[in-house]
Amino acid sequence: MSSKRIAFKVHGSVQGVGFRDFTQKCATSHGLRGWVRNTTCGKVEGEVQGDGETVQKLLQQIDKGPRMAHVVKLEKREMELVDGEDRFLVMRTADSMFHQGA
């Protein structure tokens, strides 16, 4: 099985609804690594790494979100793999670093 790393950015009503915790719980249950955080522009973004099929399962869950969220759009792009991560973290809010096509 080949590993993949995907950057994602979630648009919609995704802050203040437990989206980061939901993402972390789902990713951890799948054995994936990476991170998630709120952005200062009101979105949620992150990176996920692991088996390609499992990463796709997580992205499907993110596209639906937790019960109180309303996902309007999920942007994603492939990235280079990152060595040294051993879990999936919730990070502090920051400016978005997601750039489509970068």
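Q: Which residues does the UniProt annotation "active site" cover, and how is that label to be read?
A: According to the unreviewed UniProt entry, the annotation "active site" covers Arg20 and Asn38; although these are spread over 19 residues of sequence, they cluster in space, with a largest C-alpha distance of 7.5 Å. UniProt positions follow the numbering used here, feature names are shortened, and annotations may be inferred rather than shown by experiment.

Q: What kind of model is this, and how are its residues numbered?
A: This is a predicted model, in which local features need pLDDT of at least 70, side-chain atom pairs count only at pLDDT 80 or more, and totals for chains, interfaces and linings use all residues. Residues are numbered from 1 along each chain as its sequence is written, and side-chain values use heavy atoms, with hydrogens and water left out.

Q: Why is Arg20 called partly exposed?
A: Buried means under 20% relative accessible area and exposed means over 50%, with partly exposed in between (1.4 Å probe, protein chains only); Arg20 has 26% relative accessibility, and therefore counts as partly exposed.

Q: Why is Asn38 called buried?
A: Asn38 has 9% relative accessibility, and therefore counts as buried.

Q: What makes Val36 a contact of Arg20?
A: Contact means heavy atoms within 4.5 Å, and, leaving aside neighbours within four places in sequence, Arg20 is in contact with residues including Val36, Asn38 and Thr93. Asn38, with such neighbours likewise left aside, is in contact with residues including Gln15, Arg20 and Lys43.
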